Amino acid sequence: MTSTTQAIHLDGSTTDHSRLHDPSVRGFASDNYSGVHPEILAALAAANGGHQVSYGEDIYTARLQEVLEQQFGTGIECFPVFNGTGANVLSLQSLLPRWGAVICASTAHINMDENGAPERIGGMKLLQVPTEDGKLTPALIDREAWGWGDEHRAQPLVVSITQTTELGTCYTPEEVRAIADHLHAKGMKLHMDGARLANAAAHLDLALRAFTRDAGVDILSFGGTKNGLLFGEVVVALNPEAAHGLKYLRKMNMQLASKMRFISAQFIALLDDGLWLRSAAHANAMAARLRAAVDQIDGVEPTQATESNGVFAILPEGVADRLRSQFAFYDWDAARREVRWMCSFDTTEEDIDAFVAAIRREVAAG
């Protein structure tokens, strides 16, 4: 499907641009599939025009620091970056010496979905721990938290947790605090991959700082792309004394945007009037609607608690492939016939109902 839009040039002339996709088509593969929230596009347009100092010395990035302080408190430092992998690598590097290691869940994005970037680019060892629900505990951490002083073992000095996890589950503030206290007592530091941090806040009905800074997290990768941004994440040093060299590491890791105002302007629009929470709460609500419906379909077996914007389920043989001819989504564990369905800020009730009806048809067809 193609359609035409018109761009107006500075001199008043116009150019036609073709749209190559059908914007009415929706799927459940990833919240990265969604477009840009209209309020974010408006903020980008408002930040455009004229000249602003490059490389983060602009007024938008200065304002972003103030906006993030409203969420997390004073004494933090923020570093806008291009993407989530860059945010994670940068955060972890700032916490570690060259001989350091990071303990994470085996399902963690840094372990499964970043093509070895933390180890290859960040120069660190990942020590992975299997979990049932994607969540670490002090006891699970202790499976790898040992060997300090042994020159033959990478030194476990950081724990990385994901909020919400790759399995859609959510840490409570008490769970985060238990982890932070446990590892801080060992001289270790805590990183949180917050690609879906807003979804966690919506589920917990808590302020962002309640389960991050106030719970003992040292550094945070704060996601925006999965919550309606065009691009961009922010590394937030919640405990700047624990993180070192972020200013230099960001440049070295190719994450320093020359036109940083366009990352910062998006986050200002996201955070300033609650758009972040409205969008995440809506995505969560759509996932809850989907979960409630599939719970009533015999043959569909949900595998995880639905605590954010994702639903995980095992389907009967052949059903997933037939469904995928109508709606995009991914296998999570193909050997178990387990799939993942993700909702976004722009998922509608009609989208959910149409998808549920297709699931019913395909399951009934056997």
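This is a predicted model: local features need pLDDT of at least 70, side-chain atom pairs count only at pLDDT 80 or more; totals for chains, interfaces and linings use all residues.
Q: Good to know! What share of the residues is buried?
A: Buried residues make up 52% of the 366 in the chain.

Q: And how does the radius of gyration sit against a compact globule?
A: They agree: a compact globule of 366 residues would have a radius of gyration near 21 Å, and the chain has 21 Å. Along the principal axes, the C-alpha atoms fill a box of roughly 60 × 60 × 35 Å.

Q: How many helices and strands are in there?
A: The chain has 13 helices and 13 strands.

Q: What part of the contacts with a separation of 6 or more comes from residues 24 or more positions apart?
A: Such pairs account for 71% of those contacts.

Q: Let's zoom in on helices H8 and H11. At what angle do they pack?
A: At about 75°, with the axes 8 Å apart. H8 covers residues 197–204 and H11 covers residues 275–294. Angles of 65 to 115 degrees count as roughly perpendicular, so H8 and H11 are roughly perpendicular to each other.

Q: Which residues meet there?
A: From H8, Ala198, Asn199, Ala201, Ala202 and His203 take part. On the H11 side they meet Trp276, Leu277, Ala280, Ala281, Ala283 and Asn284. The residues of this contact divide into 8 nonpolar, 3 polar and no charged.

Q: Switching topic: where is serine 344?
A: Serine 344 lies in a loop, between strand S13 (338–342) and helix H13 (349–365).

Q: Is serine 344 buried or exposed?
A: Buried. Its relative accessible area is 6%, and buried means under 20%.

Q: What is serine 344 in contact with, leaving aside neighbours within four places in sequence?
A: Serine 344 touches Ser30, Asp31, Ser34, His282 and Ala283. Ala283 also turned up above, as one of the H11 residues that meet H8.

Q: Nice link. Last one, alanine 46: which helix holds it?
A: Alanine 46 is in H1, residues 38–47.

Q: And is alanine 46 buried or exposed?
A: Exposed, because its relative accessible area is 58% and the cut-off for exposed is over 50%.

Q: How far is the C-alpha atom of alanine 46 from that of phenylalanine 262?
A: The two C-alpha atoms are separated by 9.8 Å, although alanine 46 and phenylalanine 262 are 216 residues apart along the chain.

Notes: Residues are numbered from 1 along each chain as its sequence is written. Side-chain values use heavy atoms; hydrogens and water are left out. Axes are lines fitted to C-alpha atoms, for helices over the stretch in contact, and angles run from 0 to 180 degrees between N-to-C directions. Helices (H or I, at least four residues) and strands (E, at least two) are DSSP runs, numbered from the N terminus. Angles under 35 degrees count as roughly parallel, over 145 as roughly antiparallel, 65 to 115 as roughly perpendicular and the rest as oblique. Contact means heavy atoms within 4.5 Å. Ala, Val, Leu, Ile, Met, Phe, Trp, Tyr, Cys and Pro count as nonpolar, Asp, Glu, Lys and Arg as charged, and the others, Gly among them, as polar. Buried means under 20% relative accessible area, exposed over 50%, partly exposed in between (1.4 Å probe, protein chains only). The radius of gyration is taken over C-alpha atoms; the globule rule is 2.2 Å times the number of residues to the power 0.38.
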